[in-house]
There are 2 protein chains.
Amino acid sequence: MRRKTEAKRDAILDAATQEFTERGYDGASMSAIVARIGGSKQTLYGYFPSKDDLFVEVMMRVVERQVAASYAEMKAGPDVAESLRRYGVHYLKVRQSPDLVGLVRLAYGESGRSDIGRLLYRDGRMKGVEDIATFLATAMKEGALREADPKIAALHYVALLDAELAEPVTMRVREPASDAEVAEVVGRAVDVFLAAYGRRDGDPG
Amino acid sequence: MRRKTEAKRDAILDAATQEFTERGYDGASMSAIVARIGGSKQTLYGYFPSKDDLFVEVMMRVVERQVAASYAEMKAGPDVAESLRRYGVHYLKVRQSPDLVGLVRLAYGESGRSDIGRLLYRDGRMKGVEDIATFLATAMKEGALREADPKIAALHYVALLDAELAEPVTMRVREPASDAEVAEVVGRAVDVFLAAYGRRDGDPG
DNA sequence: CATGTACCGTACTGTACGGTATGATTATGA
DNA sequence: TCATAATCATACCGTACAGTACGGTACATG
């Protein structure tokens with residue numbers, strides 16, 4: 001006999017990801033998804049029992065692939081500023097990518113009705129913030145940063161990273177920033193962050 | 001003869017605002033909007049020629065009423081920290097209200113396809129940021145804050161205000177914060193902001 | 001090679017919705 | 001008062017789409 005292949009499943013998910021991020025949940029059509037890969041609706045429904053199920057799988061996969069990968073870049077090191085900077089640059093690049101922008105639009109748009117936003121926030125954003133918080137906690141303990149609530153500090157840092165670009169890009173008020181501009185934006189965020197959370201000159205330690 | 005009344009128009013817009021913020025653009029139904037106020041579809045179409053037009057009017061009105069009003073709270077004064085704090089408290093209260101949360105979800109959700117997000121960002125957020133920037137510029141000139149790009153400083157401040165609450169509330173990961181908690185959140189944001197943008201001890205001026 | 005299963009294509013069902021049509025009723029202003 | 005326009009109730013049209021049915025074909029495995 002013949003078996004359902006993982007390749008086919010992935011192809012469907014790829015097409016669905018495109019369709020959902022481009023048209024939103026309601027705007028996306030199951031027939032259109034099928035049309036993107038060529039094949040039959042019956043095959044699609046053989047892999048995913050409903051539009052809702054397909055949607056959830058799409059969201060989960062994007063989160064795992066992109067968001068998680070982005071946050072994993074955090075590296076502990078002696079130079080806190082440099083670690084923050086490197087993380088920030090990677091984060092903003094991913095944050096501006098069409099896929100993630102589409103995902104964020106979806107998550108916000110659906111967050112009023114479904115639990116997908118919740119889920120995405122927990123597995124994506126929150127996990128990343130916790131990673132930063134862990135890094136910051138270590139830096140605080142080692143005396144590289146002043147003592148403070150590491151969770152809140154992490155939220156502040158991510159917010160500062162998002163400050164200049166996230167909303168305008170999502171709202172299509174401006175284009176994604178170039179690498180050079182990203183570097184500047186991150187630099188300003190790090191400056192503000194360290195002014196608040198860095199050890200003050202003359203502090204003991 | 002009889003005239004179309006502003007009261008009726010408002011009633012329709014109220015019902016439509018509810019429907020849109022609860023169900024999203026696609027999820028909202030013109031018949032359901034009519035059902036909320038009791039009346040006829042024909043009457044609705046007498047005031048608004050299409051769902052799109054109605055939607056735009058709804059969005060404009062919410063922006064004018066809430067966002068603009070919120071940002072207008074900015075008061076110039078000798079005590080910069082106090083001004084920032086007062087503004088922050090007012091801003092976060094509005095930002096957490098069901099109406100504005102629904103609006104933000106809509107704006108994000110539709111930003112991929114329509115221009116409504118763009119429009120909303122310009123008339124809402126951007127206008128507010130500019131107001132803060134103006135305030136900050138004055139404070140900088142008067143020596144209450146260090147010299148810096150006021151626009152970026154304003155973006156940083158708003159981002160810091162949003163850091164702890166905006167996304168979790170929008171994603172329904174947590175309930176809106178109480179007044180007491182809002183005060184704490186704003187306090188932390190102001191502390192970080194002033195650490196970065198306040199005059200350093202010993203600076204001239 | 002035979003058979004069970006995936007796959008394709010297409011047509012179909014039921015439903016929901018935006019927008020229109022119609023005709024009766026009610027309030028308003030000249 | 002009386003004409004005029006707004007309002008109401010309801011039925012209707014066209015369309016789009018989620019999901020199903022069905023008949024036929026390709027393919028892997030026993």
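## The interface of chain A and chain B

In this predicted model, the contact between the two chains draws on 39 residues from chain A and 40 residues from chain B. In chain A, Tyr108(A), Met171(A) and Arg172(A) lose the most area to chain B, and together they make up 21% of what that side buries. The two chains bury about 3700 Å² between them, with 63% of this area on carbon and sulfur atoms.

Four salt bridges are found across the interface of chain A and chain B. One of them joins Glu167(B) to Arg125(A), with the closest N and O atoms 3.0 Å apart.

On the side of chain A that touches chain B, the elements that give two or more residues are α1 (6–27), α6 (98–110), α7 (116–141), α8 (150–162), α9 (166–170) and α10 (179–197) of chain A. The residues of that side divide by class as follows.

| Class, side of chain A that touches chain B | Number of residues |
|---|---|
| Nonpolar | 18 residues |
| Polar | eight residues |

His156(B) lies in helix α8 (residues 150–162) of chain B. His156(B) counts as buried because its relative accessibility is 0%, and buried means under 20%. Leaving aside residues up to four places away in sequence, His156(B) touches Leu160(A), Ala163(A), Glu164(A), Arg188(A), Ala189(A) and Val192(A), as well as Tyr197(B).

Key:
Residues numbered from 1 in each chain as written. Chains lettered and ligands numbered in written order. Predicted model: local features only at pLDDT ≥ 70, side-chain atom pairs only at ≥ 80, totals over all residues. Heavy atoms only, no water. Helix = DSSP H or I, 4+ residues; strand = E, 2+ residues; numbered from the N terminus. Buried < 20%, exposed > 50% of the residue type's maximum accessible area, 1.4 Å probe, protein only. Contact = heavy atoms within 4.5 Å. Buried area = accessible area lost by both parts, 1.4 Å probe. Salt bridge = Lys/Arg side-chain N within 4 Å of Asp/Glu carboxyl O. Nonpolar A, V, L, I, M, F, W, Y, C, P; charged D, E, K, R; others polar.
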